[in-house]
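I opened my notebook to record, entry by entry, what I looked up in this structure and what I found there.

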Amino acid sequence: MKRALIVLTEAYADWELSYVAAELSMSHSFKIDTVSLGESTVTSIGQIKTIVDYPIDQITEPYDALIIIGGNSWPTIENEQLIQLIKTSLDEGIIVGAICGAVDFLARNHLLTGFRHTGNDLNTWTTDEKFKQYTNSIDFINEDSVIDQNLVTANGSSSVDFAFNVILALGLIDNKEAEKNKYFYKSGFVAYKLKYGEIG
């Protein structure tokens, strides 16, 4: 059984977690462990209280994917352990997924260098002093979610694209199936049937 770490912060975005966690679980090949930056419990934007499996300083076992969920706390988060966890994962070829504010964190900490990527607001990254370590705006792709090498990024409106791009990057489905699944969740059951026929 492979292992995915999902990083949840206080005021994390429920909707950015839901699709990717469900798809990983339903693949029957991944065990999910939730990780916090220190808290034993975090509360989502939707007021869902979540007991995390362990804090970041207690990660010991190997893992096969690192997923970092966005939320309202990212503008003020500074965490060296998380920086090192992301850097090590990227360097070792482990699939890393970051969405919304989590991508901002990568941009602020020079972790997008060498990867094509997307995010919420390129203008902020290139004008705000907090993002002075972000130096590769030429690699910004104006799409909802981008896969490059072992990094998956997405803006905050694109939890469906993010989820299936993570699943695609992990080799759990092919591109054709990923596109069909994205269409189903974004366009609805009726539109899907009209385009693809019956489900299953």
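**Entry 1: helix H5**

I began with helix H5, residues 159–169, and found it mostly covered, since nine of its eleven residues are buried. For these notes, buried means under 20% relative accessible area, exposed means over 50%, and partly exposed lies in between, with a 1.4 Å probe and protein chains only. Helices (H or I, at least four residues) and strands (E, at least two) are DSSP runs, numbered from the N terminus. I noted that this is a predicted model, in which local features need pLDDT of at least 70 and side-chain atom pairs count only at pLDDT 80 or more, while totals for chains, interfaces and linings use all residues. Residues are numbered from 1 along each chain as its sequence is written, and side-chain values use heavy atoms, with hydrogens and water left out.

Which residues of H5 are buried? I listed Ser159, Val160, Asp161, Phe162, Ala163, Phe164, Asn165, Val166 and Ile167. What covers them includes helix H1 (14–26), E6, E7, strand E8 (145–148), strand E9 (151–154) and helix H6 (175–187). Just after H5, I saw that Gly171 takes a positive phi of about 75°.

I then looked at Asn165, which counts as buried because its relative accessibility is 5%. Leaving aside neighbours within four places in sequence, Asn165 is in contact (heavy atoms within 4.5 Å) with Ser145, Val146, Ile147, Val152 and Lys182. Ile167 is also in H5, and with a relative accessible area of 4% it is buried.

**Entry 2: the cores and helix H2**

Next I looked up nonpolar cores, each a set of buried Ala, Val, Leu, Ile, Met, Phe, Trp, Tyr and Cys residues joined through side-chain atoms within 4.5 Å. The largest has 33 residues, and Leu66, Ile68, Leu82, Ile86 and Leu106 have the most contacts inside it. Two or more residues of this core come from each of strand E1 (2–7), strand E6 (65–68), helix H2 (80–91), strand E7 (95–99) and helix H3 (101–108). A second, separate core of 24 residues includes Leu17, Leu24, Ile67 and Ile95.

Where do the buried residues of H2 lie around the axis? I found Leu82, Ile83, Leu85, Ile86, Ser89 and Leu90 buried in H2. They cover an arc of only 165° (taken from the directions from the helix axis to the C-beta atoms), so they are on the same side of H2. On the other side, Glu80 and Asp91 are exposed. The buried residues of H2 pack against E1, E6, E7, H3 and E9.

**Entry 3: aromatic rings**

Last, I searched the whole structure for aromatic pairs and noted ten. Rings of Phe, Tyr and Trp (its six-membered ring) pair if their centres lie within 6.5 Å; planes under 30 degrees apart count as stacked, over 60 as edge-to-face and the rest as tilted. The rings of Phe184 and Tyr192 have centres 5.4 Å apart and planes at 90°, so I wrote this pair down as edge-to-face. Phe184 counts as partly exposed at 25% relative accessibility, whereas Tyr192 is buried at 8%. Ring pairs link Tyr19, Phe164, Tyr183, Phe184, Tyr185, Tyr192 and Tyr196 into a cluster.
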